[in-house]
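Trainee: I have the structure open and would like to talk it through with you. Could we begin with the charged pairs?
Mentor: Gladly, let us bring it up and start there.

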Amino acid sequence: MDFVMPDFRLAAPELFVAAMSLVILMVTSFAKSRARSAAFWLCEFTLLAAVFLTLFSGTVDRAQTFSGMYISDLLGGFLKAVVCLSVAVVLQYGRAYMADRKIDSPEYYILVLFAALGMMVLISASHFVSIYLGLELMSLALYALVAIDRDNPRSTEAGMKYFVLGALASGLLLYGMSMLYGATGSLQIHEISQRIYERSANDMVVVFGLVFVLVGIAFKLGVVPFHMWVPDVYHGAPTAVTLLVSSAPKIAAFAMAFRILVLGLFDLAEQWQMMLMLLAVGSIVLGNLAAVAQTNIKRMLAYSGISHMGFMLLGLMSGVVKGEGGTYAVNAYSSAMFYAVAYVMMTLAAFGMVILLSRAGFEAENVDDFKGLNQRSPWFAGMMLIVMFSMAGIPFFVGFFAKLSVLQAVVAAGNVSGQALYYWLAGLAVLMSAVGAYYYLRVVKVMYFDDAVDTSPLTATLGTRTLLSANALSIAAVGLLPNWLMQICAFTLLH
Amino acid sequence: MSEMEKLYLIVPLAPLVGAIFAGLFGKLIGRTASHVVTILGVAVAFVASVVVFQDVQAGNSYNGSIYTWATAGDLRLELGFLIDKLTVMMMLVVTFVSLMVHIYTIGYMHADPGYQRFFSYISLFTFSMLMLVMSNNFVQLFFGWEAVGLVSYLLIGFWYTKSTAIYANLKAFLVNRVGDFGFLLGIGLIAAHTGSLDYATVFSKLPELSVKTISLFGDSAWPLLTVVCICLFVGAMGKSAQVPLHVWLPDSMEGPTPISALIHAATMVTAGIFMVTRMSPLFEVSETARAFVLVIGATTALFMGFLGIIQNDIKRVVAYSTLSQLGYMTVALGVSAYSAAVFHLMTHAFFKALLFLAAGSVIIGMHHEQDIRRMGGLWKRMPITWITSLIGSLALIGFPFMAGFFSKDSIIEAVAASHTLGAKYAYACVLIGVFVTAFYSFRMYFLVFHGRERFHAAHAEAHDDHGHGAHGGEVPHESPWVVWLPLVLLAVPSVVIGYLAIGPMLFGDWFGASIVVHEGNNALAHLEAHFTSAFGMAIHGFMTLPFALAMAGVATAAYFYLVKPEIPARIATAFGPVYRLLENKYYFDRFNEIVFAAGSRALGKVFWKAGDQAVIDGLLVNGTAKIIGGFAQIIRYFQTGHLYQYAFTIIIGVVVLLAFWGSRG
């Protein structure tokens, strides 16, 4: 195979972030006293510049480079921008939190940046090798981050669990990839798609491969029954890291799922649709039911995240009817994408609120810590109200439209196929959302109707306060004008 | 939109604007500005109505939609006007009486803290009533119907800290719900069977409607239009206070007197009469429905009159007289003499508004004393009120040449000529009613204006709680000009309107196509044959049986209350059971309280305990919560924290997916 000089410009954002992370590594090694602050600002600069690069350097048309391992398209560009932006927000929210706990070593920033790089690679990967590369780069950085508070047994335990289970999932994913390779003789997603279409692949092996690949994806999304790590990791990790784990990786996992399942294995749609349905139903039911019993808000949000991911899968699987796609498919995929983006907006704000209530020597992690927030800070009580209402799917916040578009996609699939199963699915999803409303509204209830237990003033910096307010208000704003985000999702998916 | 359409819009909208200004910005713009803006609104409406009247008089009419509010399938919900002679007569009556009441209110309510609110309400009422009468479809009719009901509710409970007022307005509201239920059923039946809510469209489908039947109970076939008409009339019974849905009207006297005049005498309570007249094409088809109307009306006319005899509250006497007169109008409807009903509606609006406002003037003069036993001899202290009251009373009892004579006599004659089922009973009722009317009217008149002055003794204990501090002086005195001017202005039509209008309205085909009367039912045709001129009819009126009965009533009243005041008490003792029956208003209220109120409370309690608390709260709400909580605990149990179990779960997941889907490859 001749060596072809790859088109580096197409991968400019990833190359830039990779280069910058090495620069920051060097800078922090030498700038002893100001290493932390330098790392923070350089990371923020890198991420925001990467947002800029992804939005303005990419080509409009789909293009491949690195021998088909890397794909540059609008979908990837948009999702990478969301990832970089949300990681930048994570850093700002977590900065004071990490500093208060003396765990804001420069490595923290480097690891976050590496994780972001991993996600970007994962999003743009169109080859099993680059997918695996991105996934592991992201995951390894996250394992280390979860355990970064190494003197805290809970943090290290969480890191260990995450690592072991993640390794297991990676192994299963690799196994699945190898099967697909065995069946099709290729690792490139489009080639695999082509081979399966031509039926040169052994069906049995392909479906086995599919199952294992799906497990890898499901693990990253944290959907039932591959969710067991989620509550423990969210709970055990420092809140700033939980914030990271719960947000951007979901976008990357969505991209991975979309590229592998819809672009690569569409001829197996009939199979993976049923699997996704099973996973989605399990997640929505179990996530919502388990969240009801939680008193720890981080665990509650973990289970809520499981149910949200289930909802997203519901959107993703609605694009297929009897193994065929159609015009309605774009709506289904874009509803899933909209859901993922909306979820990231909401989870950032929710964990941001948890961080806001924490301070040096005090870890806010129980629902009770929100008691009487309205007396302490009416403004942020209002912000949390927006976030909780949105997560519960109350109109007119972004979470409502996310749920609505997914349900519309499900019902549309039902209309096209004429199968009652889809209506039952939609009904179940609505019912479970109603259950979900209970634990979200409980937070609102304690904020407004209970007396404060903890009356010390909020210590967050002005930057965090402003950003958090902007984050929560954007949830309301997008909820009022959901159409443009919906159109972006549909537009990027079509190209 | 043509010039006339704009004018039609101005008529209801001008009072609405006034109501909005006085209601929302009343505190801001002050008392004077509030009454100026509302009076201006109603005055504009009145002037516009006069212009419309002249236009209609010139032979024009209008039926069209201004705005489509909503469409549901083929059913269009529209805002539209039907302007014909019936409408324009109602518009004139409503705006004129409303204008008088607005002016009167300046004097009557001047010390009340809710001054602006009151003006806002009465202007809002004027708007609603105009929407009702000007409508060309059932939806707008129903809107106006409910809106006047709402304002009536608000105004009866105007003094909302008074528990009797709150009781009265709740009662009015609930009783009207019963009527509205029937009304809505009627409208629903019409919509279901014609697919339209437009009057003209509905009437155009009459030939097919009149042969339709529906089954109500089991297989019995009922003519559709009979059911529709009875349903609609049930609505009219609520609004126009016919037995047995009359119970709210006497209690509505808890509201301020101006609204008793405007709403509970002149206009709103006649909405039912107006509506049935509007629906005359439907009612003409169903003899059953008309017989029902006739019997209800006759019963109301006589038996409510009896109750007026024993009342001692000045306003309640007038209220029962209103009930009785509404009965007369309903009787006219029952014998297909729609134009006579509307004619009586108009004359009654003037003289009854006059009587109510005069009663209010007396109440002001007496410093809020309402018991007629504590009055007397007021004629020399309140001369204008005295004269106008006398005019009103004469008009009410149907003294020849007065307005009430022409309308009431026409009704009595029409009943005599009618062959409708129950006409004989009705004739007896309306004849005896004439005597009763004269008796209670002049009983009140004599007790208030003549005889011994009884208020000196009573005054010390009579003290009111809603502020008339501005009135000084120990003895009653004439009211300010804003109060007596409307009395004078209303006294004029109370005298002349009958004389002027009877020719064209009853016998001149003035209403044209607005009112439909089938040839065989035309009871007024008999009168028409004998009618030469209004003058001739009035002269002849001195020699008829009703006149004799009325004079007998006046004479009896004079004898009982001026000559031998001790007689009534003796009669009351002698006829104890009868007196108690009347005093308890035939036990309607008691019956309603025991059967309907207590019954629905008991039913509500069953639903509350068994339905709401046990099934919904206990089983569904808390039960669901418990089940979910239980599930949550079970799921929590699986989250052990042991890594090997987590890994095992993943393996199970893989195996499940493989087992289900791998095998299907």
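Mentor: Asp180(B) and Arg177(B) both sit in helix H6 of chain B, residues 163-194, and because they are three residues apart in that helix, about one helical turn separates them. Please keep in mind throughout that this is a predicted model.

Trainee: What do Asp180(B) and Arg177(B) form, and how far apart are the closest N and O atoms?
Mentor: They form a salt bridge, in which the closest N and O atoms are 2.6 Å apart.

Trainee: And is Asp180(B) buried or exposed?
Mentor: Asp180(B) counts as buried, because its relative accessibility is 5%, whereas Arg177(B), at 29%, counts as partly exposed.

Trainee: Which residue does Glu284(B) pair with in a salt bridge?
Mentor: Its partner is Arg290(B), with 3.8 Å between the closest N and O atoms, and both Glu284(B) and Arg290(B) are buried.

Trainee: What about Glu566(B), which residue does its side chain meet in a salt bridge?
Mentor: The side chain of Glu566(B) meets that of Arg570(B), at 3.9 Å from N to O. Glu566(B) is partly exposed, since its relative accessible area is 38%, while Arg570(B) reaches 56% and therefore counts as exposed. Elsewhere, salt bridges with shared partners link Lys171(B), Asp251(B), Arg316(B), Lys585(B) and Asp589(B) into one network.

Trainee: How many salt bridges are there over all chains?
Mentor: The count over all chains comes to 27 by this rule.

Trainee: Switching to the interface, how many salt bridges does the rule find between chain B and chain A?
Mentor: Across that interface the rule finds zero salt bridges, although it does find five residue pairs in polar contact, with both residues at pLDDT 80 or more. Of the side of chain B that touches chain A, helix H27 (588-638) and helix H28 (643-661) of chain B each supply at least two residues, and the largest share, twelve residues, comes from H28(B).

Trainee: How much area do the two chains bury between them?
Mentor: Chain B and chain A bury about 2600 Å² between them, and 82% of this is on carbon and sulfur atoms. The contact involves 36 residues from chain A and 25 residues from chain B.

Trainee: Now for the surface, which residues make the nonpolar patch?
Mentor: The patch, of about 750 Å², is made by Val492(B), Val496(B), Tyr499(B), Leu500(B), Phe535(B), Ile539(B), Phe542(B) and Met543(B). Two elements of chain B give two or more residues to this patch, namely helix H21 (481-507) and helix H23 (534-541), and H21(B) gives the most, with four residues.

Trainee: Where does Met543(B) lie?
Mentor: Met543(B) lies in the loop between H23 and helix H24 (545-563) of chain B, and it counts as exposed because its relative accessibility is 62%.

Trainee: Let's go inside, then: where is Val434(B) placed?
Mentor: Val434(B) is in helix H19 of chain B, residues 423-449, and with a relative accessible area of 2% Val434(B) is buried. Not counting residues up to four places away in sequence, Val434(B) touches Tyr328(B), Ile412(B), Pro546(B), Leu549(B) and Ala550(B). The C-alpha atom of Val434(B) is also separated by 9.1 Å from that of Lys408(B), which is 26 residues apart from Val434(B) along the chain.

Trainee: Last one, in chain A: which strand holds Thr65(A)?
Mentor: Thr65(A) is in strand S1 of chain A, residues 63-65, and at 4% relative accessibility Thr65(A) counts as buried. Leaving aside neighbours within four places in sequence, Thr65(A) is in contact with Pro6(A), Asp7(A), Leu10(A) and Tyr70(A).

Conventions: Residues numbered from 1 in each chain as written. Chains lettered and ligands numbered in written order. Predicted model: local features only at pLDDT ≥ 70, side-chain atom pairs only at ≥ 80, totals over all residues. Heavy atoms only, no water. Patch = residues over 30% accessible without salt bridge, like charges linked within 9 Å, V, L, I, M, F, W, Y side chains within 5 Å. Areas by Shrake-Rupley, 256 points an atom, 1.4 Å probe, with all protein chains shown as cover. Salt bridge = Lys/Arg side-chain N within 4 Å of Asp/Glu carboxyl O. Buried < 20%, exposed > 50% of the residue type's maximum accessible area, 1.4 Å probe, protein only. Contact = heavy atoms within 4.5 Å. Buried area = accessible area lost by both parts, 1.4 Å probe. Polar contact = N/O pair within 3.5 Å; in protein donor to acceptor, adjacent residues only side chain to side chain.
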